[in-house]
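Thank you all for making the time this morning.

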Amino acid sequence: MAAGQLLDVEFNDLKGGYRLRYAPDKVCVDIFLFDSLLSEAGYSSMLAGCIIDLMEVTYKVLECKNHCTTACHDCLKHYWNQRVQNLFDRHLAKKLLDWSKNKKTAEPISYDRQVTLIKGIKEMASLEEDNFDIVFEFSIRSNFHCI
C-alpha cells in the first residue's frame, strides 16, 4: 500500500511477499515487491532507489489515523487481503521496521507477560505439568523479545 502511495499508482498494481532464511546465528527476512500488471509497468524497479522513502511512507501507513488496536480498513485491511487480516498487527510491523531501519530491538517481555503467554501455550498444546515447567524455564532464561 505504501509503495502505491509513493508512486501514486493503485496499490494492487504491485504485489509483495517475503522469504525467511535461517542461519545458525540469525534469521534473515527478505521482503520483495513485484509488478502485478501483465504489461510489467516497471513500478517495482522504480522503487529500487527509494527504499528510505518507501520505509517512511510505510511507517505513516502503520500509524493509522484511527489508532486501531491491530489493523483496520483505514490502514492495512482491504478486499484483497481479507483471508489473512486476522494475522495483521500494525504495531508489530512498526517494530519490524524500527529493527530493519535503526537496529532497534523491541523491549523484553515482562515476567508476568511471559507467564501469561506460556500458560496459553500450555492450554493450546495440552502439555503435561512436567513439560510445561521445561518450556517455562526455557522462556525465562532466554529473555524473550518480541519483534
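Let me start with the charged side chains: the structure holds four salt bridges, where a salt bridge is a side-chain nitrogen of Lys or Arg within 4 Å of a carboxyl oxygen of Asp or Glu. Before I go through them, please keep in mind that this is a predicted model, in which local features need pLDDT of at least 70 and side-chain atom pairs count only at pLDDT 80 or more, while totals for chains, interfaces and linings use all residues. Residues are numbered from 1 along each chain as its sequence is written, and side-chain values use heavy atoms, with hydrogens and water left out.

As a general point, side chains of opposite charge can pair when their charged atoms come close. One of the salt bridges brings together the side chains of Lys 101 and Glu 56, at 3.6 Å from N to O. Lys 101 lies in helix α4 and Glu 56 in helix α3, so this pair ties together parts that are 45 residues apart in sequence. Helices here are DSSP runs of H or I with at least four residues, strands are runs of E with at least two, and both are numbered from the N terminus.

Another salt bridge joins Lys 94 and Glu 63, at 3.5 Å from N to O. Here too the pair ties parts together, 31 residues apart in sequence, because Lys 94 lies in helix α4 and Glu 63 in helix α3. Are these two residues buried or exposed? Lys 94 is buried, with a relative accessible area of 15%, whereas Glu 63 is partly exposed at 33%; buried means under 20% relative accessible area, exposed means over 50%, and partly exposed is in between, with a 1.4 Å probe and protein chains only. Lys 94 also touches Tyr 59 and Leu 62, leaving aside residues up to four places away in sequence, and contact means heavy atoms within 4.5 Å.

The side chains of Asp 30 and Arg 21 meet in a salt bridge as well, at 2.7 Å from N to O.

Strand β1, residues 14–23, and strand β2, residues 26–35, pair in the antiparallel sense over 10 bridges, and two strands count as paired if DSSP finds at least two bridges between them. Together β1 and β2 form a hairpin with two residues between them. Along this pairing, Gly 16 stands opposite Leu 33 in β2, and Tyr 22 has Val 27 in β2 as its bridge partner.

Now to the inside of the model. The largest nonpolar core has 19 residues, and those with the most contacts inside it are Leu 7, Leu 14, Cys 75 and Leu 76; such a core is a set of buried Ala, Val, Leu, Ile, Met, Phe, Trp, Tyr and Cys residues joined through side-chain atoms within 4.5 Å. Helices α1 (2–7) and α3 (51–63) each supply at least two residues of this core, and the largest share, five residues, comes from α3. As for Leu 14, its contacts beyond four places in sequence include Ala 3, Leu 7, Phe 34, Tyr 43 and Leu 47.

Finally, consider Asn 86, which is found in the loop between α3 and α4 and counts as exposed at 67% relative accessibility. The C-alpha atoms of Asn 86 and Ala 71, 15 residues apart along the chain, are separated by 8.8 Å.
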